[in-house]
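Here's a walk through a protein model, with a few side chains picked out along the way. Have the sequence and the 3D view ready as you read.

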Amino acid sequence: MSKHAAPTAAPGVSTPTTPTGSGTPAAVPRHWLSAGWVMTASGWSANQFSALLGSYRSELGLTTAVTTALFGIYVLGLIPGLLLGGPLADRRGRRPIVFLALGTSALATCLLMTGPASAAFLWPGRFLTGIGAGALLAAGSAWIKELSSPPYGTAPNPGVAARRSGLFLSAGFATGGLAASLIAQWAPHPMVTAFVPHLILSAVAALCAARAPESSPAHPGKTSVAPGPGARREQHASAAEFRRLVAPVAPWVFIAPAVAFATLPGLVDAGLEGWQTVYAGVITAVTPGAGIMVAPFARALAARHRIATGALGLAAVALGMLIAALAAAQAQPVVALIASVVLGAGYGLCVAYGLTEVAALAPAHRLARLTSYFWTLAYLGFLAPYVITLCTGVLSPPALLIGAAVLAVSTLLVVAHRGTRQASAD
């Protein structure tokens, strides 16, 4: 099996142990579990707003173009958060970047809570949400992976360790939007109270993460040493593999859920008078929920072939887009839910593939940096709903969704060809 192969079995659910001097097994602290909640807080912060897009249109009178732009400006903050957070986490350590990002994310939520008083605060709120989430993704993903592996944890290989951060993130995606939509439907002052759970979750995540050790201490006075010829060749080879096999798949990680969250509900919920917000919340839950459910399947696929998980993920995205086109053409909410489940499965498979590849390709001192590159490309997919909105004047939404399916199949063919050639070369 190559170094890129994923495990054949999931990590055990029993408490890991190590032998003590007396011969009695001693429990190994699950530090990765303590740190994992920061990723859940990151996913929650992103999706709590997604479920409220319809409420912002109905309650605050914002246009579809404005709400879609607010959805997309998150990416403009997320990219610098990722590109700065990754290198800083490699240089300064994981913990300080994680706690700074958690604070930024909480501040952003406070700004969003002022939206009913002045919609202008929504723009910096969404932008800072992206910055906080980006830094959390870069530093938190690397931290959880390292805390899962020896000497801090007992994950059998880097693939298992890397995918844990994706599962925590998906849990935040699945619960954040649903909770926000239910609160917005029945609680008083919905545009304010819907954001309170994220502040509570952020505080809990910070308390839990405070118990986890630093896995990559800062070296402020360390002088970098130029790598030797062998190390440079290995870095160039890893970078080339990342560009060939990971980069093409990465944007589809979030194109799929972004279309499900931000595009589909507005195309099919005309007959759900009074229940649009709850319906949007259900979609934001079932989409990443499907991604969580396929995680064991992703491990089995990766054990068979290096690119199998990514290839099937792209196929699921293409199928989900076709079902979404049918739902949009017929304005069928039930069909849109089915499309969201399929798109969510594609999201889960693609994110598992990407994180596994990054863990295999990145040397320890560049793990957070390469992880940030992957998440940056992935989150470009959140711009897809805005692109669809801009193009709606030229093509119908069903036609655009069919076009997205064609692009996903094209990406699948390219990656499959490159992966087959790579396997032959190995």
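Tryptophan 275 counts as partly exposed because its relative accessibility is 47%. For that label, buried means under 20% relative accessible area, exposed means over 50%, and partly exposed is in between (1.4 Å probe, protein chains only). You'll find tryptophan 275 in the loop between helix H10 (252-268) and helix H11 (276-293). Helices here are DSSP runs (H or I, at least four residues), numbered from the N terminus.

Trp275 also teams up with Leu182 and Trp186 in a nonpolar patch on the surface, and together they have about 370 Å² of accessible area. Patches take residues with over 30% relative accessible area and no salt bridge, and nonpolar side chains are joined within 5 Å. The areas come from the Shrake-Rupley method with a 1.4 Å probe.

## How to read the model

This is a predicted model, where local features need pLDDT of at least 70, side-chain atom pairs count only at pLDDT 80 or more, and totals for chains, interfaces and linings use all residues. Residues are numbered from 1 along each chain as its sequence is written, and side-chain values use heavy atoms, with hydrogens and water left out.

## Threonine 411

Now jump to helix H17 (residues 397-425), where threonine 411 sits. Threonine 411 counts as buried because its relative accessibility is 13%.

Which residues does threonine 411 touch, leaving aside its neighbours within four places in sequence? Its contacts (heavy atoms within 4.5 Å) are Pro248, Trp252 and Leu314.

## Salt bridges

Side chains of opposite charge can pair when their charged atoms come close. A salt bridge here is a side-chain nitrogen of Lys or Arg within 4 Å of a carboxyl oxygen of Asp or Glu. The structure has four of them.

Asp90, Arg94 and Glu146 are linked in a salt-bridge network. Arginine 94 pairs with aspartate 90, with the closest N and O atoms 2.8 Å apart. Arginine 94 also meets glutamate 146 (2.5 Å, N to O). Arginine 94 counts as buried because its relative accessibility is 0%, and glutamate 146 is buried at 14%.

## Another bridge

Arginine 306 forms a salt bridge with glutamate 241, and the closest N and O atoms are 2.6 Å apart. Arginine 306 lies in the loop between helix H12 (295-304) and helix H13 (308-330), and glutamate 241 in helix H9 (residues 229-246), so the pair ties together parts that are 65 residues apart in sequence.

Definitions and conventions. Patches are made of residues with over 30% relative accessible area and no salt bridge: like charges are joined within 9 Å, nonpolar side chains (Val, Leu, Ile, Met, Phe, Trp, Tyr) within 5 Å. Helices (H or I, at least four residues) and strands (E, at least two) are DSSP runs, numbered from the N terminus.
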